[in-house]
There are 2 protein chains.
Amino acid sequence: MTDDLVLRRQVCFALYTASRALTDVYRPILDEFGLTYPQYLVLLVLWERPDDARTVSELGTELRLDSGTLSPLLKRLEGAGLVARRRSAHDERRVEVGLTEQGRALRQQVDHVPMCVAQATGLGVTELVALRDTLTQVTDTIHRQKEQ
Amino acid sequence: MTDDLVLRRQVCFALYTASRALTDVYRPILDEFGLTYPQYLVLLVLWERPDDARTVSELGTELRLDSGTLSPLLKRLEGAGLVARRRSAHDERRVEVGLTEQGRALRQQVDHVPMCVAQATGLGVTELVALRDTLTQVTDTIHRQKEQ
DNA sequence: GCCCGATAGATTGTGCACAACTTAATTGTG
DNA sequence: CACAATTAAGTTGTGCACAATCTATCGGGC
């Protein structure tokens, strides 16, 4: 068979597997806080400006997720008491998502999480930064092509 | 906030996003064959030795997926007429998954797919190989830690 | 030969992802 | 102002992932 079709040769498979492996590292850690990885990502965005609410589509732009994914996820975060949702006063179509006090407080508790995970990769800081930048570049290239 | 908690700094987010972006590239291509990306991965394994059947757990080892994921996926591939499943004669617990003639024939048609996708990344061959190897290393490191 | 633990696969339930569609609100244009 | 086109979010349906559980089979020790 064509060599290119061999599983182990494919970058995409390496990416798919590495992504799931890293999520596996996050799972037991985040589980202590009752969070899933995508829920944690939403909180990361909100923690960047803890006092500002974001609309669902702003969160979607940051995380590249649509309302079909975010709507139920945000409902679960709201159910957990970590975020509050309310319709925008200016534009009733928008839903503004903000942190609750509990959601803000959680930030300190998960402070150590990224370091734990980075360590699990076995890579040094330089390699991690290089890897991240390569991946970001790939993602951006793909999305630029999509838009055209 | 702690810099480490900023979304854009995190390798894991870059990985998560890049993985989804690449799957996005695959989707319209594989859609023509009625395949999803994980289904395509199963076929890649089977195409490596087109005349040999594999058990569900062998596929699971290759792809790092469990029967909870594979059982329904294989049923769908069987429904599409691409694979055949049958209980092993030696060991009635095992289910052997083999390609049908149609499944073998599909191989030629998807021959060009990896090149399309590699091109979409915007990376050269050298960079792709380096990226793949780094990712494989990360995955292996994580899995080795798990086993201990 | 019979039980016990281990193994293989299937099933159930939860939570993403994503496409397709729906509803409601808003904006632009005549 | 009216109304068509657009936009924001939610809903529905499909298909992974994965944990937990279940069933059937197998293998070893007695």
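**Figure 1. The surface near DNA strand C draws at least two residues from each of helix H2 (37–48) and helix H4 (67–79) of chain A, and from each of H1, helix H3 (56–63) and helix H4 (67–79) of chain B.** Welcome to a predicted model, in which local features need pLDDT of at least 70 and side-chain atom pairs count only at pLDDT 80 or more, while totals for chains, interfaces and linings use all residues. Residues are numbered from 1 along each chain as its sequence is written, and chains are lettered from A and ligands numbered from 1 in the order in which they are written. Helices (DSSP runs of H or I, at least four residues) and strands (runs of E, at least two) are numbered from the N terminus. Around DNA strand C there are 25 residues, of which A:Gly68, B:Thr55, B:Ser57, B:Gly68 and B:Ser71 come nearest. A residue counts as near when its C-beta atom, placed from the backbone, lies within 6 Å of the strand. Sorted by class, this surface near DNA strand C holds ten charged, ten polar and five nonpolar residues. Here Ala, Val, Leu, Ile, Met, Phe, Trp, Tyr, Cys and Pro are nonpolar, Asp, Glu, Lys and Arg are charged, and the others, Gly among them, are polar.

**Figure 2. Now we turn to DNA strand D, surrounded by 25 residues.** Closest to DNA strand D are A:Thr55, A:Ser57, A:Gly68, B:Gly68 and B:Glu92. Two or more residues of this surface come from each of helix H1 (11–31), helix H3 (56–63) and H4 of chain A, and from each of H2 and H4 of chain B. By class, the surface near DNA strand D is made of five nonpolar, ten polar and ten charged residues.

**Figure 3. Where the two protein chains meet, 50 residues of chain B are in contact with 50 residues of chain A.** On the chain B side that touches chain A, helix H1 (11–31), helix H2 (37–48), helix H6 (113–121) and helix H7 (125–147) each supply at least two residues. The most comes from H1(B), with 14 residues. This side of chain B divides into 29 nonpolar, twelve polar and nine charged residues. Contact means that the C-beta atoms of two residues, placed from the backbone, lie within 7 Å. Of the interface residues of chain B, 98% are also interface residues in chain A, so the copies meet through the same surface.

**Figure 4. One copy can be turned onto the other.**

**Figure 5. A nonpolar core of 66 residues is the largest one in the model.** A:Leu15, A:Ala18, A:Leu22, B:Leu15, B:Ala18 and B:Leu22 have the most contacts inside this core. Such a core is a set of buried Ala, Val, Leu, Ile, Met, Phe, Trp, Tyr and Cys residues joined through C-beta atoms within 7 Å. A residue is buried if 20 or more other C-beta atoms lie within 10 Å of its own, exposed if 12 or fewer, and partly exposed in between, with C-beta atoms placed from the backbone. Not counting residues up to four places away in sequence, A:Leu22 touches A:Val117, B:Cys12, B:Leu15 and B:Ile142.

**Figure 6. Chain A carries an open sheet of three strands in the order S1-S3-S2, with antiparallel pairing.** Strand S1 (54–55) and strand S2 (83–87) of chain A stand at the edges, each with a single partner strand, so one side of each is left without a neighbour in the sheet. Strands pair if DSSP finds at least two bridges between them. S2(A) and strand S3 (residues 95–99) of chain A are joined by five bridges, and A:Arg86 faces A:Glu96 in S3(A). Chain A as a whole has seven helices and three strands, which follow one another from the N terminus as α-α-β-α-α-β-β-α-α-α.

**Figure 7. In chain B, strand S3 (residues 95–99) pairs with strand S1 (residues 54–55) in the antiparallel sense over two bridges.** B:Thr55 stands opposite B:Glu96 of S3(B). Strand S2 (residues 83–87) of chain B also runs antiparallel to S3(B), over five bridges, and the partner of B:Arg86 there is B:Glu96.

**Figure 8. B:Val56 sits in helix H3 of chain B.** B:Val56 is partly exposed, with 19 other C-beta atoms within 10 Å. Leaving aside neighbours within four places in sequence, B:Val56 is in contact with B:Ser67, B:Leu70, B:Ser71, B:Leu74, B:Val95 and B:Val97. Although B:Val56 and B:Glu96 are 40 residues apart along the chain, their C-alpha atoms are separated by 6.7 Å.
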